[in-house]
Amino acid sequence: MTRRSGRVVDEALSAGAVARRLGVAVTTLRTWHQRYGLGPSEHIPGHHRRYTASDLARLEIMRRLTAEGVSPAEAARWARQAPDQTPTGTVTAGRIHRPGRDGGGTIPVGRAGPTARGLARAAMRLDAAAISETIAHALATGGVVATWDGLLRPVLAGIGERHAATAGLIEVEHLVSRCVSEALAAASRAKVPAGPARILLSCADEEQHTLPLEALAAALAEAGVSYRALGARVPVPALVEAVNRTGPAAVVLWSHTRATADPDQLSALLAAPRRPLLVLAAGPGWRADALPAGVVRPVDLAEAVSLAVAVRDSLDQSRRD
């Protein structure tokens, strides 16, 4: 560690850490190293080479210029000629850029951190490989709930905010959504719980926002809770029929907007012949003061998972007794 410009800068970053900060794939870093000499310069005997703060600054120049359409060879020439800089102020083609001020390119991510800013930059470049790699690494190292709350939700919200302001970024939203969906599905398949499906996941009638429900499915799989997911736009008769046929212990009904949050859907679940033990109204669409008695509204993904685990454990205990 060293201190420059009044800030502490990590001078020993792995290739994976640098890739996440820049929002590029690790394979891209290897290419820049092999073809243009922009590789890690710190070498400790017996260890892999690591990237210093100056290495990171030059790579930031490389990333910015190539994103602006400059050829990789020309961008690398500018990067190699840059003076010794730290990430607090890098020089790009005669201009000073200060990372962190742009909130991750043109997508605001608030205080979500460098990995989210890197993912936002990769999203703006429509770099599917970098997006998928960043998400997969976060899921593997931090788990589903932490990845959703600290990485995916801030970036998705930032894309939505920019779309609301500009009517653009539709292609960005579609690509990121696909990458997120694929990563969550892979996480779910990697940890398939044993036993019958005790939790039924469904979107409200006409609700098309499925990613939060997919995150819940992956988090349940990670927690060892079996589930059945119906997906988007489930009409009330179909949902009630699914409940009566499968007899789930809990039903999670997701609504993203007020337009799809009709409390009558919840009342229909409570009146079903095989009424579930727990009905969860998940998502920002539901109004707490409009929920039927007996319906629980989890505040976030972690609480939804906790409630599902509690239902499973209660059933297991009752069967043992």
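In what order do the strands of the open sheet run, and with what pairing? Keep in mind that this is a predicted model. The order is 6-5-7-8-9, across 5 strands, and the pairing is parallel.

Now the edges. Strand 6 (227–229) and strand 9 (295–296) each have a single partner strand, so one side of each has no neighbour in the sheet. Take strand 9. Strand 8 pairs with strand 9 over 2 bridges, in the parallel sense. Leu 280 sits opposite Val 296 of strand 9.

Next, the helices on this sheet. Helix 9 packs on the sheet and touches strand 5 (199–203), strand 6 and strand 7. The direction of helix 9 makes about 165° with that of strand 5. Helix 12 lies across strand 5, strand 8 and strand 9. Against strand 8, helix 12 runs at about 170°.

On to the largest pocket. How much space lies in it? About 810 Å³. The lining counts 33 residues. Nearest the centre are Trp 148, Arg 153, Pro 212, Trp 254 and His 256. Several elements give two or more residues to this lining: helix 7 (144–166), helix 8 (170–190), helix 9 (211–222), strand 7 (250–254), strand 8 (278–282) and helix 12 (301–320). Which helix gives the most? Helix 7, with 8 residues.

What about residue class? The lining has 19 nonpolar residues, 9 polar and 5 charged. And by domain? Domain 2 (114–189) and domain 3 (192–318) each supply at least three residues to the lining of this pocket.

Helix 9 and helix 12 are both among the elements lining the pocket.

Note on methods:
Residues are numbered from 1 along each chain as its sequence is written. This is a predicted model: local features need pLDDT of at least 70, side-chain atom pairs count only at pLDDT 80 or more; totals for chains, interfaces and linings use all residues. Side-chain values use heavy atoms; hydrogens and water are left out. On a 1 Å grid over the protein atoms alone, a cavity is a set of points where a 1.4 Å probe fits but cannot get out, and a pocket is an open set with protein on both sides within 12 Å along at least five of seven lines; lining residues have an atom within 4 Å of a point. Grid points are joined across faces, edges and corners, and a volume is the space filled by probe spheres set on the points. Helices (H or I, at least four residues) and strands (E, at least two) are DSSP runs, numbered from the N terminus. Ala, Val, Leu, Ile, Met, Phe, Trp, Tyr, Cys and Pro count as nonpolar, Asp, Glu, Lys and Arg as charged, and the others, Gly among them, as polar. Domain bounds come from an automatic or database domain assignment. Two strands pair if DSSP finds at least two bridges between them. Contact means heavy atoms within 4.5 Å. Axes are lines fitted to C-alpha atoms, for helices over the stretch in contact, and angles run from 0 to 180 degrees between N-to-C directions.
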